[in-house]
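Welcome! Take a look at the structure below, then try the exercises and check your steps against the solutions.

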Amino acid sequence: MNYDQLLSVARKQAEIGAKEGGVPVGAALFDAEGKLLGEGRNRRVQEDDPSIHGETDAFRKAGRQTNYRDKILVTTLAPCWYCSGLIRQFNIGTVVVGEAVNFPGHLDWLREAGVNVIELRDPECIKLMAQFIEQRPDIWNEDIGECEH
Ligand SMILES: [Zn+2]
(Lines give C-alpha, C1' and ligand atoms only; values in the text may rest on other atoms or scores of the structure.)
Protein backbone atom coordinates (compact mmCIF):
# COMPACT_ATOMS: atom_id res chain seq x y z
CA MET A 1 0.00 0.00 0.00
CA ASN A 2 1.32 3.44 -0.94
CA TYR A 3 0.54 5.37 2.23
CA ASP A 4 1.96 8.62 0.89
CA GLN A 5 -0.55 8.45 -1.94
CA LEU A 6 -3.40 7.88 0.52
CA LEU A 7 -2.12 10.77 2.63
CA SER A 8 -2.25 13.10 -0.37
CA VAL A 9 -6.07 12.74 -0.37
CA ALA A 10 -6.28 13.79 3.29
CA ARG A 11 -3.74 16.57 2.77
CA LYS A 12 -5.80 18.02 -0.07
CA GLN A 13 -8.74 18.24 2.34
CA ALA A 14 -6.53 19.99 4.91
CA GLU A 15 -5.43 22.49 2.26
CA ILE A 16 -9.06 23.23 1.36
CA GLY A 17 -9.74 23.75 5.07
CA ALA A 18 -6.83 26.19 5.32
CA LYS A 19 -8.19 28.21 2.38
CA GLU A 20 -11.60 28.31 4.05
CA GLY A 21 -10.03 29.75 7.20
CA GLY A 22 -10.62 26.56 9.15
CA VAL A 23 -8.46 24.22 11.19
CA PRO A 24 -6.31 22.53 8.50
CA VAL A 25 -6.81 18.88 9.38
CA GLY A 26 -7.99 16.51 6.66
CA ALA A 27 -8.76 12.82 6.70
CA ALA A 28 -9.93 9.99 4.47
CA LEU A 29 -11.17 6.45 4.96
CA PHE A 30 -10.05 3.71 2.57
CA ASP A 31 -10.80 0.04 2.22
CA ALA A 32 -8.09 -2.64 2.36
CA GLU A 33 -7.38 -2.25 -1.36
CA GLY A 34 -6.90 1.50 -1.06
CA LYS A 35 -10.28 2.46 -2.52
CA LEU A 36 -11.53 5.79 -1.17
CA LEU A 37 -14.70 5.45 0.92
CA GLY A 38 -14.99 8.96 2.31
CA GLU A 39 -12.97 12.13 2.83
CA GLY A 40 -13.44 15.18 4.98
CA ARG A 41 -11.89 17.96 6.98
CA ASN A 42 -12.20 19.81 10.25
CA ARG A 43 -15.08 22.27 9.81
CA ARG A 44 -15.34 23.72 13.33
CA VAL A 45 -15.04 27.27 12.00
CA GLN A 46 -16.85 26.82 8.68
CA GLU A 47 -19.94 25.11 10.15
CA ASP A 48 -19.70 26.47 13.69
CA ASP A 49 -19.58 22.82 14.77
CA PRO A 50 -16.89 21.55 17.16
CA SER A 51 -17.84 17.93 16.49
CA ILE A 52 -16.64 17.98 12.89
CA HIS A 53 -13.02 16.88 13.00
CA GLY A 54 -11.28 15.61 9.87
CA GLU A 55 -11.56 12.02 11.02
CA THR A 56 -15.21 12.19 12.04
CA ASP A 57 -16.10 13.96 8.79
CA ALA A 58 -14.40 11.29 6.64
CA PHE A 59 -15.95 8.56 8.79
CA ARG A 60 -19.46 9.95 8.32
CA LYS A 61 -18.99 10.55 4.59
CA ALA A 62 -17.99 6.90 4.17
CA GLY A 63 -21.43 5.81 5.35
CA ARG A 64 -22.18 2.49 7.01
CA GLN A 65 -19.50 -0.16 6.85
CA THR A 66 -20.04 -3.65 8.23
CA ASN A 67 -16.44 -4.02 9.38
CA TYR A 68 -13.69 -1.52 10.13
CA ARG A 69 -10.88 -3.89 11.03
CA ASP A 70 -9.68 -3.95 7.41
CA LYS A 71 -10.17 -0.21 6.85
CA ILE A 72 -7.48 2.46 6.73
CA LEU A 73 -8.11 5.86 8.30
CA VAL A 74 -5.66 8.46 7.07
CA THR A 75 -5.35 11.77 8.87
CA THR A 76 -2.96 14.68 8.41
CA LEU A 77 -2.49 15.12 12.18
CA ALA A 78 -2.34 12.67 15.08
CA PRO A 79 -5.92 12.04 16.28
CA CYS A 80 -7.23 13.76 19.42
CA TRP A 81 -8.99 11.84 22.22
CA TYR A 82 -12.37 12.25 20.52
CA CYS A 83 -11.14 10.75 17.24
CA SER A 84 -8.98 8.15 19.00
CA GLY A 85 -12.16 7.06 20.78
CA LEU A 86 -13.89 6.72 17.43
CA ILE A 87 -11.03 4.57 16.12
CA ARG A 88 -11.26 2.26 19.12
CA GLN A 89 -15.06 2.23 19.23
CA PHE A 90 -15.30 1.00 15.64
CA ASN A 91 -12.11 -1.09 15.69
CA ILE A 92 -10.50 0.64 12.74
CA GLY A 93 -7.54 -1.58 11.88
CA THR A 94 -5.02 0.85 10.44
CA VAL A 95 -4.43 4.53 11.10
CA VAL A 96 -2.00 6.51 8.96
CA VAL A 97 -0.84 9.71 10.65
CA GLY A 98 0.58 12.49 8.48
CA GLU A 99 2.41 14.00 11.42
CA ALA A 100 2.54 13.92 15.21
CA VAL A 101 5.02 16.77 15.63
CA ASN A 102 2.61 19.67 16.19
CA PHE A 103 0.24 17.49 18.21
CA PRO A 104 1.38 14.13 19.60
CA GLY A 105 -2.11 12.68 19.99
CA HIS A 106 -2.48 9.34 21.76
CA LEU A 107 -0.77 6.94 19.39
CA ASP A 108 0.38 4.56 22.14
CA TRP A 109 -3.21 4.26 23.37
CA LEU A 110 -4.21 3.21 19.86
CA ARG A 111 -1.29 0.77 19.55
CA GLU A 112 -2.24 -0.79 22.91
CA ALA A 113 -5.63 -1.61 21.39
CA GLY A 114 -3.98 -3.38 18.49
CA VAL A 115 -4.33 -0.57 15.96
CA ASN A 116 -1.66 -0.60 13.27
CA VAL A 117 -0.40 3.00 13.53
CA ILE A 118 1.76 4.29 10.69
CA GLU A 119 3.45 7.63 11.32
CA LEU A 120 4.70 9.39 8.20
CA ARG A 121 6.21 12.72 9.39
CA ASP A 122 5.11 14.43 6.19
CA PRO A 123 6.86 17.83 5.84
CA GLU A 124 3.86 19.43 4.09
CA CYS A 125 1.48 18.39 6.87
CA ILE A 126 3.91 19.63 9.52
CA LYS A 127 4.27 22.99 7.76
CA LEU A 128 0.55 23.50 7.21
CA MET A 129 -0.30 22.87 10.87
CA ALA A 130 2.66 24.87 12.23
CA GLN A 131 1.58 27.90 10.17
CA PHE A 132 -1.97 27.63 11.44
CA ILE A 133 -0.93 27.30 15.10
CA GLU A 134 1.28 30.36 14.71
CA GLN A 135 -1.38 32.44 12.95
CA ARG A 136 -4.45 31.35 14.93
CA PRO A 137 -3.42 30.04 18.36
CA ASP A 138 -6.87 31.03 19.66
CA ILE A 139 -8.74 28.69 17.29
CA TRP A 140 -6.14 25.95 17.76
CA ASN A 141 -6.47 26.03 21.55
CA GLU A 142 -10.24 26.02 21.20
CA ASP A 143 -10.02 22.97 18.92
CA ILE A 144 -7.87 20.90 21.25
CA GLY A 145 -9.93 21.97 24.27
CA GLU A 146 -7.21 24.03 25.92
CA CYS A 147 -8.90 27.07 27.39
CA GLU A 148 -6.92 30.05 28.59
CA HIS A 149 -6.91 30.46 32.37
ZN1 LIG B 1 -10.21 14.82 16.53
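Helices (H or I, at least four residues) and strands (E, at least two) are DSSP runs, numbered from the N terminus. Residues are numbered from 1 along each chain as its sequence is written. Please keep in mind that this is a predicted model, where local features need pLDDT of at least 70 and side-chain atom pairs count only at pLDDT 80 or more, while totals for chains, interfaces and linings use all residues.

**Exercise 1.** List the helices and strands of the protein chain in sequence order.

Solution. Start with the count: the protein chain has seven helices and five strands. Then read along the sequence, which gives α-β-β-α-α-β-α-β-α-β-α-α.

**Exercise 2.** Work out how the radius of gyration of the protein chain compares with that of a compact globule.

Solution. The radius of gyration is taken over C-alpha atoms, and the globule rule is 2.2 Å times the number of residues to the power 0.38. For 149 residues the rule gives a value near 15 Å, and the protein chain, at 14 Å, agrees with it. Along the principal axes, the C-alpha trace spans about 40 × 30 × 25 Å.

**Exercise 3.** Describe how helix α1 and helix α6 are arranged.

Solution. First, the axes (lines fitted to C-alpha atoms over the stretch in contact, with angles from 0 to 180 degrees between N-to-C directions) of α1 (residues 3-19) and α6 (residues 123-135) come within 11 Å and cross at roughly 20°. Therefore α1 is roughly parallel to α6; angles under 35 degrees count as roughly parallel, over 145 as roughly antiparallel, 65 to 115 as roughly perpendicular and the rest as oblique. Next, find the contact residues, where contact means C-beta atoms, placed from the backbone, within 7 Å. Helix α1 contributes Arg 11, Ala 14, Glu 15 and Ala 18, while α6 contributes Glu 124, Cys 125, Leu 128 and Phe 132.

**Exercise 4.** Decide whether Asp 48, Arg 121 and Lys 61 are exposed or partly exposed.

Solution. Count other C-beta atoms, placed from the backbone, within 10 Å: 20 or more means buried, 12 or fewer exposed, and in between partly exposed. Asp 48 has 8 such neighbours, so Asp 48 is exposed. Arg 121 has 11, so Arg 121 is exposed. Lys 61 has 15, so Lys 61 is partly exposed. To place them, Asp 48 sits in the loop between α2 (44-47) and α3, Arg 121 in the loop between β5 (116-119) and α6, and Lys 61 in helix α3 (residues 54-61).

How values were computed
Contact = placed C-beta atoms within 7 Å.
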